[in-house]
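Please find below a colleague's note on the model under review. It is arranged as numbered points, to be read beside the sequence and the coordinates.

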Amino acid sequence: MKLAALTVPAEMTHIRTARLVAAAIASQAGLDPETVEDVRLAVGEAFVLSTRQATGHASSPANLELEFDLAADNTLCVRVQPCVLDESLATLVVQAVVPRVTEDSSGLEMWWPGAGTTSSRQPVH
């Protein structure tokens with residue numbers, strides 16, 4: 001079920017908005033406070049990656065899109081588009097606090113188990 005979507009200019013001045021929205025949605029989805037903080041942190045770091053990549057390419061999109069979905073098993077999925085993992089500290093932080101991260105040509109998906117589900121951290125594909 002789609003919870004929310006946020007489209008903002010690819011500028012670092014909007015990182016606080018992205019983090020606040022992510023934390024609010026994670027909290028409303030029933031995630032525990034530690035996981036809410038992990039969601040907030042990971043969205044912020046993915047935002048850093050996206051804006052760095054967007055400002056480095058003239059053909060990059062002017063906007064970043066974040067989508068928040070809740071699966072039937074209460075798993076929260078956050079999509080960040082465009083976003084590509086690289087060798088930076090931001091990527092290491094995302095990998096450390098997100099149980100499941102997937103990446104494709106359109107962007108990054110980060111998954112957190114909800115209440116009543118279990119998790120094991122999985123490597124990036």
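The points below go from the overall fold to individual residues.

1. Basis of the note. This is a predicted model, in which local features need pLDDT of at least 70 and side-chain atom pairs count only at pLDDT 80 or more, while totals for chains, interfaces and linings use all residues. Residues are numbered from 1 along each chain as its sequence is written, and side-chain values use heavy atoms, with hydrogens and water left out.

2. Overall architecture. The protein contains 3 helices and 5 strands, and from the N terminus its elements follow the order β-α-α-β-β-α-β-β. Helices (H or I, at least four residues) and strands (E, at least two) are DSSP runs, numbered from the N terminus. Taking contact to mean heavy atoms within 4.5 Å, 63% of the contacts between residues at least 6 apart in sequence join residues at least 24 apart.

3. Surface and burial. The accessible surface of the protein is about 6500 Å², and 54% of this belongs to carbon and sulfur atoms. These areas come from the Shrake-Rupley method with a 1.4 Å probe; for residues, only the protein chains shown count as cover. Of the 125 residues, 44% count as buried. Buried means under 20% relative accessible area, exposed over 50%, and partly exposed in between (1.4 Å probe, protein chains only).

4. Strands β3 and β5. V78 is placed in strand β3, and L108 in strand β5, which spans residues 107-112. V78 is buried because its relative accessible area is 0%; L108 is buried because its relative accessibility is 1%. The two residues are 30 apart along the chain, with their C-alpha atoms separated by 8.1 Å. Leaving aside residues up to four places away in sequence, V78 touches V43, E67, F68, L108, E109, M110 and W112. With the same exclusion, the residues touched by L108 include A46, V80, C83, L85 and V101.

5. The cis peptide bond. Which peptide bond is cis, with omega near -10 degrees? The bond from Q81 to P82 is the one concerned. P82 belongs to the loop between β3 and α3. Its C-alpha atom lies 7.4 Å from that of L108, 26 residues away along the chain.

6. The loop between β2 and β3. N74 counts as partly exposed because its relative accessible area is 32%. T75 is also in the loop, which runs between β2 (63-70) and β3 (76-81), but T75 is buried because its relative accessibility is 12%. The side chain of T75 makes a polar contact with the side chain of D73, at 2.7 Å. A polar contact is a pair of N or O atoms within 3.5 Å; within protein, one must be able to donate a hydrogen and the other to accept it, and residues adjacent in sequence count only if both atoms are side-chain atoms. Beyond four places in sequence, T75 touches D69, L70, W111, W112, P113 and G114.

7. Helix α3. Within this helix (residues 89-97), the buried residues are A90, T91, V94 and V97. They lie on the same side of α3 because they cover an arc of only 145 degrees around the axis, the arc being that of the directions from the helix axis to the C-beta atoms. An α-helix has 3.6 residues a turn, so residues three or four places apart point the same way. The face turned away from the buried side of α3 carries the exposed residues L89 and L92.

8. Aromatic rings. A search of the whole structure finds 0 aromatic pairs. Rings of Phe, Tyr and Trp (its six-membered ring) pair if their centres lie within 6.5 Å; planes under 30 degrees apart count as stacked, over 60 as edge-to-face and the rest as tilted.

9. H14 is found between β1 (2-9) and α1 and is partly exposed, at 23% relative accessibility. Outside four places in sequence, H14 touches V8, P9 and F47.
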